[in-house]
Amino acid sequence: MTAVGFAEPGPPEVLRGETLPVPEPGPDQVLIRVAYAGVNRPDVVQRQGFYPAPPGASPIPGLEVAGQVVAAGPGVTLPLLGSQVCALVSGGGYAEYCLAHAGHCLPVPEGLPLDQAAALPETLFTVWHNVFQRGFARDGESILVHGGTSGIGQMAIQLGHAFGLTVLVTCGGPDKCAAAREIGAALAVDYKAEDFVEAVQGFTKGKGVDLVLDMVAGDYVARNLKCLADDGRQVTIAVQGGVKAELNMAEVMRRRLMLTGSTLRPRSDAFKAALAGEILENAWPLVADGTIRPVMDRTFPLAQAAAAHAHMESGAHIGKIVLEA
């Protein structure tokens, strides 16, 4: 099979095609003939050398795929063979065939194109876990999401809106703000032109939001806390602005704020399978009926993965980027 990987970390140009054996599914695994693979920020960070694959995972980038199950390993009892699925994977998505844990697969609903199906797992698993499980979001609450037109951002807008949250976002430019409002953001702040803390405080009449979903970290953390209502929660899922932050812990104590975070890739197979089951029951019906659809940016051929990475790093995209295998 053809796959796209890299020998040494570096710029997008280090990505190259190579010929590898088709992998064989082990216990509880299925082999998927990949139609499309999602491109995500962790892929870029891995290529740069800062996010290595966890032990036992494929070193090939790619954390989500959609396609047809063509083989199954021992212990797979679900009738997946021959069916179309999308799956969260720990690596190996940038290839014509990819292994996935059977419990991490979701059936592709009728009418959902496979390119859109491939754009769902990474963002849906991440947002569900961090907004609803770690962030304890409840109907009637408000949330601030940074990167409103990223894959994570657009999923947080749609999923939050569907479950009764008021979603506020930051975006880099008026076009991106307009796109975020179009899919349900109640407020979209152009962080390049205005102070998002002031905008959030103005929108909430000084109360603040109940939850912040943060992909920036660094000096954003202190500003995020100024956006939070008393008893508010911040969940960090990426550190694009730096790994260190300076906080006034007395303020955290006085206002009973909670800071947490997570990264999904190294979690156990059992955890991800349980998360998939919760998503299948609660969120997947919204995908099946068309309430949730990924905002698609561009599709690149697998051989042009380097161009896809360069496009993501440019920051010009709105929504998801996928590779066609």
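Modeller: Two residues count as in contact when heavy atoms of theirs lie within 4.5 Å, and that cut-off is what I rely on when I say that one element covers another in this predicted model.

Colleague: With that in mind, what covers the buried residues of helix 5?

Modeller: The cover over the buried residues of helix 5 includes helix 4 (151–162), strand 9 (166–171) and strand 10 (187–190).

Colleague: Which residues of helix 5 are called buried, and what puts them on the same side of the helix?

Modeller: In helix 5, residues 174–182, the buried ones are Lys-176, Cys-177 and Ala-180. Around the axis they cover an arc of only 100 degrees, and that is why they fall on the same side of helix 5. In general, an α-helix makes a turn every 3.6 residues, so residues three or four places apart point the same way. The face turned away from the buried side of helix 5 carries the exposed residues Pro-174, Asp-175 and Glu-182. Just after this helix, Gly-184 takes a positive phi of about 125 degrees.

Colleague: What makes the buried residues of helix 11 a single side as well, and which residues are they?

Modeller: The buried residues of helix 11 (residues 305–314) are Ala-305, Ala-308, His-309, His-311 and Met-312. Their arc around the axis is only 160 degrees, which puts them on the same side of helix 11. Among the elements that cover them are strand 1 (2–5), strand 3 (29–39), helix 1 (41–47), strand 14 (296–301) and strand 15 (320–324). Just after helix 11, Gly-315 has a positive phi of about 80 degrees.

Colleague: Why is Val-287 called buried, and what is it in contact with beyond its neighbours within four places in sequence?

Modeller: Burial requires a relative accessible area under 20%, and Val-287 has 0%, so it is buried. Val-287 lies in helix 10 (residues 284–288), and, leaving aside neighbours within four places in sequence, its contacts are Pro-109, Leu-112, Leu-120, Leu-124, Ile-292 and Arg-293.

Colleague: Why is Arg-223 called partly exposed?

Modeller: The term applies between the limits of 20% and 50%, and Arg-223, at 29% relative accessibility, therefore counts as partly exposed. Arg-223 lies in helix 7 (residues 220–227), and, with neighbours within four places in sequence set aside, it is in contact with Asp-195, Phe-196 and Val-197. Its C-alpha atom and that of His-317, 94 residues apart along the chain, are separated by 25 Å.

Colleague: What makes the phi of Phe-136 worth a remark, and is Phe-136 buried or partly exposed?

Modeller: Phe-136 has a positive phi of about 55 degrees although it is not a glycine, and it is found in the loop between helix 3 and strand 8 (142–146). Its relative accessible area of 44% lies between the two limits, so Phe-136 is partly exposed. Arg-256 is another non-glycine residue with a positive phi, near 60 degrees, and its place is in the loop between helix 8 (249–255) and strand 13 (258–261). With a relative accessible area of 47%, Arg-256 is partly exposed too.

Colleague: How many residues belong to the largest nonpolar core, and which helix gives the most to it?

Modeller: The largest nonpolar core has 51 residues, and those with the most contacts inside it are Val-131, Leu-159, Val-169, Leu-213 and Ile-279. Helix 3 (residues 121–133) gives the most to this core, with 6 residues. A second, separate core of 32 residues includes Met-1, Val-30, Ile-32 and Val-39. Returning to Val-169, its contacts, apart from neighbours within four places in sequence, include Leu-144, Ile-157, Ala-180 and Leu-187.

Colleague: How does the lining of the second largest pocket divide into nonpolar, polar and charged residues?

Modeller: The lining of that pocket divides into 17 nonpolar, 9 polar and 4 charged residues. The pocket has a volume of about 520 Å³, and of its 30 lining residues Gln-29, Gly-56, Ala-57, Ser-58 and Gly-91 lie nearest its centre. Strand 6 (97–101) and helix 9 (269–282) each supply at least two residues of the lining, and the largest share, 5 residues, comes from strand 6.

Methods
Residues numbered from 1 in each chain as written. Predicted model: local features only at pLDDT ≥ 70, side-chain atom pairs only at ≥ 80, totals over all residues. Heavy atoms only, no water. Buried < 20%, exposed > 50% of the residue type's maximum accessible area, 1.4 Å probe, protein only. Helix = DSSP H or I, 4+ residues; strand = E, 2+ residues; numbered from the N terminus. Arc of directions from axis to C-beta. Core = buried A, V, L, I, M, F, W, Y, C linked by side-chain atoms within 4.5 Å. 1 Å grid on protein atoms, 1.4 Å probe; cavity = no way out; pocket = protein on both sides within 12 Å on 5 of 7 lines; lining within 4 Å. Points joined across faces, edges and corners; volume = space filled by probe spheres on them. Nonpolar A, V, L, I, M, F, W, Y, C, P; charged D, E, K, R; others polar.
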